[in-house]
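Me: I'm new to this one and would like to talk it through slowly. Could you put it up first?
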Amino acid sequence: MFKLFTKNFWDVTARLILRNKIAILVAIIGATVFFSFQWKNMRFTHTEANLLPDDHEVNVVYNDFLKIFGEEGNLIVLGVKDTSLFTVEKLNAWNKLSESFKQFEDVETVISIKDLQKLIKDDENEKFKLEPFIKDSVSSLKQIETLQNELFKKYPFYDNFLFNKETKTIRTAIYLKKDIVNTSARKDFVIDVLNPTIEAFEIAQNLDVRVSGMPYIRTLNSQLIIDEIGKFIVAALLVTSLIFFFFFRSFRATFISLIVVCIGVMWTLGFLGLLNYEITVLTALIPPLIIVIGIPNCIFLINKYQHEVKLHGNKVKSLQRVITKIGNATLMTNVTTASGFATFILTESKLLKEFGIVASLSILAIFILCLLIIPIIYTFLPYPKERHLEHLNKRWIGAFVDWMERMVKQKRIAIYATSLVLLIASIIGIYQIKISGSLIDDMPQESEFVNDIRFFEDEFSGIMPLEIMIDTKRKKGVMKLGTLKRMNELEDLIIETPELSKPISVVGLVKYSKQAYYNGNPKHYQLPTSQENSFILSYAKNSTSNVDLLKNFVDSTGQYARITTFMKDIGTDKMERIEENLQTEIDKVFPKERYNVSMTGKALVFQKGTKYLVKNLAISLSLAIFLISLFMAYMFRSFRMIIVSLIPNLLPLLVTAGLMGYLGVPIKPSTILVFSIAFGISVDDTIHFLAKYRQELQANHWKIKKSVYAALRETGVSMFYTSIVLFFGFSVFTISSFGGTVALGALVSATLLFAMLSNLLLLPSLLLSLERSIANKEVLKEPSINIIPEEDDTEEIANN
């Protein structure tokens, strides 16, 4: 009965489409205009990708930190490593450059060499006062030598903050206002103010200025994402249309396909605007994905139309059969592909949810557009010319199909042996896969701003903030000597860790105060004793300037303190070991009944997010397999057929995972997507093959071998066409400057190529080897969904 309903449904659908073509085209144009108006709601992300759920413990701790101390990623650093900087002219120019940024309303404060202050003991008033190292400007080389001697030897408080005394590298710190860090104003400042000003300085002074810091990195990274969207769309259109034309040798068919996928891209961008989603490194991939996935739909529909025209010469009847015979198959394949993406919706990650929602909606939309636009446009076009149908008789395609049939007939043992070897090798490779939680791992490694990150890692031991927040559980508890000593112990471990920079906290300020109390003697740069503490605090209380120095390290109540360090771009394994070491020291030094100590910061949040996604990978892939197994069960009503259909699609995933292990491609947010995407797409070939196989079984009176070979010859060409389009379509992503996107494109392409060979060689081999087990007439005779309807004399529909 369901079979009859399905047949009637597609017959009715064909009539509706072909009889109401003008109304449908008007509706599509109207919908496209509507979605185009939604583009104004699209916005590019101004924050890093937060891979964790909002209520995840790591996010909760990070947000608690932000509430107390504000945005921690608001620092931009400028650096110069050049001995010629220590001349009167260039050092004054450097200070002037730093000073010029103070005038902008986006900037909270700027700290350069000129802004550094000596903490001086004022015995007369029993307080500390601040005195600049450089009062107005540098006037002589002798003054510069005195400055270097004082900074590099006498004041350890500033060491590794604005200079590296070993390499003589100098830097300036620009703190943006915290309320603009995650807005478009940050981009305007970096692109329109910071970069042009630095470029002008470099030309004038012949110095190479390095720039980094989270606001800067995020801005240039986002700009690259924006630039690549257009590049991907153009490249995907160019590559897929060229391949399409190579197969069909028809400008008309190519142009129609381009119209369909271009409208699909417009709808995708409309979905992003309508749902008010940000364009991230993931959602930026969806428009070219739709082109790559949409073109195979066009191939199936146009190929079927040309086959039908060649068969009986009736154009209208051919178009009706395109809808009734291919509509159901393309619906099921698009649903399975959309299911692969939709599994991301079930994760708790906002980033993946948005990607899954837009991608699955767009895939279903491109199916509808293909089914409506292609038959309707062909009703207005003349009968295809002989040259448009020549591709149906290509000898090289016939030779390829003959090779497949010969392999399945004569080399079945070799196919199984190869599959087994690949499986064993893949399992070995899988054990070598590493997990990457690096914040800059997916960024363009050859870009100038990534080279600048490396520079600051070498000179100042990192740029990625790691924060440790200490809650003393009482007001003014931070300044207790016991608390300061505990913090100092923890800082000693941080200093001993080569992957972390010298920590910045109130401890350094207190040490600096003691040094000042002893008239600047660097030997006294240490925590005071209990007796000294009372004297030093009495001086500090009389020093209003000291309050300003404290505000970034201690909250207004004196209950919370922060220790800020910066981390190098290291792998997840190292990061976890460092975290464990720090946590062990925290547990030892800070009693839990008296202190709450938490680690946070963008580097740590990202690392935790990657670990979270790896766990979700297994869930999303399992869900994809489960959902698609349900489709198979519903379509074929055979558990054995489910197993047979899954094996050729799981093997390519294992091979790809093994390759990742051997090639050193780590599991990270971008490569995690590969498996669910590839599985959802590759299973389409299986559905087409098995549907045709079941049809051939009925036509050939359940003769297994004859049916397998007939299905292979019938579907092999389309599977080859679509796989080639998908392979080269996904290969477009390898032109990206983002390592993660390159890996995604290459891995999905490789997986789909393996999947094509697996479905054309391993699947028919399994069907032949297990013919007695799976050729159950009662199971396969009446499927729940008749994917490819039997040949019948369908009613001709009038063109008008």
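This is a predicted model: local features need pLDDT of at least 70, side-chain atom pairs count only at pLDDT 80 or more; totals for chains, interfaces and linings use all residues.

Me: At what angle do α9 and α10 pack?
Reply: Helix α9, residues 286-312, packs against helix α10, residues 315-342, at an angle of about 155 degrees, and their axes are 9 Å apart. The two helices are therefore roughly antiparallel to each other, and their crossing is right-handed.

Me: Which residues make that contact?
Reply: On the α9 side they include Leu289, Ile293, Phe300 and Glu308, while those of α10 include Lys315, Arg321, Val322 and Phe341. By class, the contact of α9 with α10 has 10 nonpolar, 6 polar and 6 charged residues.

Me: Switching over, how are α2 and α8 arranged?
Reply: Helix α2 (residues 21-37) and helix α8 (residues 251-274) have axes 8 Å apart and pack at an angle of about 45 degrees, and they are therefore oblique to each other. Their crossing is left-handed.

Me: And what meets what there?
Reply: From α2, residues including Ile28, Phe34 and Phe35 meet residues of α8, among them Ile263, Trp267 and Phe271. By class, this contact of α2 with α8 has 9 nonpolar and 3 polar residues, with no charged ones.

Me: Zooming out, how many helices and strands does the protein chain have?
Reply: There are 26 helices and 12 strands in the protein chain, and of its 800 residues 58% count as buried.

Note on methods:
Residues are numbered from 1 along each chain as its sequence is written. Side-chain values use heavy atoms; hydrogens and water are left out. Axes are lines fitted to C-alpha atoms, for helices over the stretch in contact, and angles run from 0 to 180 degrees between N-to-C directions. Helices (H or I, at least four residues) and strands (E, at least two) are DSSP runs, numbered from the N terminus. Angles under 35 degrees count as roughly parallel, over 145 as roughly antiparallel, 65 to 115 as roughly perpendicular and the rest as oblique. A crossing is left-handed if the near helix is turned anticlockwise from the far one by less than a right angle, and right-handed if clockwise. Contact means heavy atoms within 4.5 Å. Ala, Val, Leu, Ile, Met, Phe, Trp, Tyr, Cys and Pro count as nonpolar, Asp, Glu, Lys and Arg as charged, and the others, Gly among them, as polar. Buried means under 20% relative accessible area, exposed over 50%, partly exposed in between (1.4 Å probe, protein chains only).
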